[in-house]
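User: I am new to this structure and would be grateful for a close look at its aromatic rings and the residues around them. Please give one connected account.

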Amino acid sequence: MVNRKKIPHETIDKVCISSGRRCCICFSLHNDYSIKEGQIAHFDHNPANSKFENLAFLYLDHHNKYDSITSQSKGFSATEVKD
């Protein structure tokens, strides 16, 4: 198991500012530009890798779907979220 490291405040600020607190999935799939309550997601699912390039702001439900492992439904892929 990977130890979760706190994301530095400067990096959190950079992610929130660059995204405008808009979820990239809402924006891309639904043209939804509204500000969301969200969390910082790790593209590689590695909580120890807090490089800016590995992080995205996601709406709470989308973050749950991105991080969840499901056997029936197709979750969001890293490529899909990055695009």
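User: Which residue lies over the face of Phe52, and at what distance from the ring centre?

Analyst: The residue is Lys14, placed over the face of Phe52 at 4.4 Å from the ring centre. This description rests on a predicted model.

The structure holds 1 aromatic pair, formed by Phe27 and Tyr33. Their centres are 4.9 Å apart and their planes stand at 90 degrees; because an angle over 60 degrees counts as edge-to-face, the pair falls in that class. Phe27 has a relative accessibility of 38% and therefore counts as partly exposed.

Arg21 belongs to the loop between helix H1 (9-19) and helix H2 (24-30). Its phi is near 55 degrees, a positive value in a residue other than glycine. With 42% relative accessibility, Arg21 counts as partly exposed. Asn31 is located in the loop between H2 and strand E1 (38-42). Asn31 also is not a glycine, yet has a positive phi of about 50 degrees. The relative accessible area of Asn31 is 56%, so this residue is classed as exposed, the limit for that class being over 50%.

How values were computed
Residues are numbered from 1 along each chain as its sequence is written. This is a predicted model: local features need pLDDT of at least 70, side-chain atom pairs count only at pLDDT 80 or more; totals for chains, interfaces and linings use all residues. Side-chain values use heavy atoms; hydrogens and water are left out. Rings of Phe, Tyr and Trp (its six-membered ring) pair if their centres lie within 6.5 Å; planes under 30 degrees apart count as stacked, over 60 as edge-to-face and the rest as tilted. Buried means under 20% relative accessible area, exposed over 50%, partly exposed in between (1.4 Å probe, protein chains only). A charge sits over a ring if NZ of Lys or CZ of Arg is within 6 Å of the ring centre and within 35 degrees of the ring normal. Helices (H or I, at least four residues) and strands (E, at least two) are DSSP runs, numbered from the N terminus.
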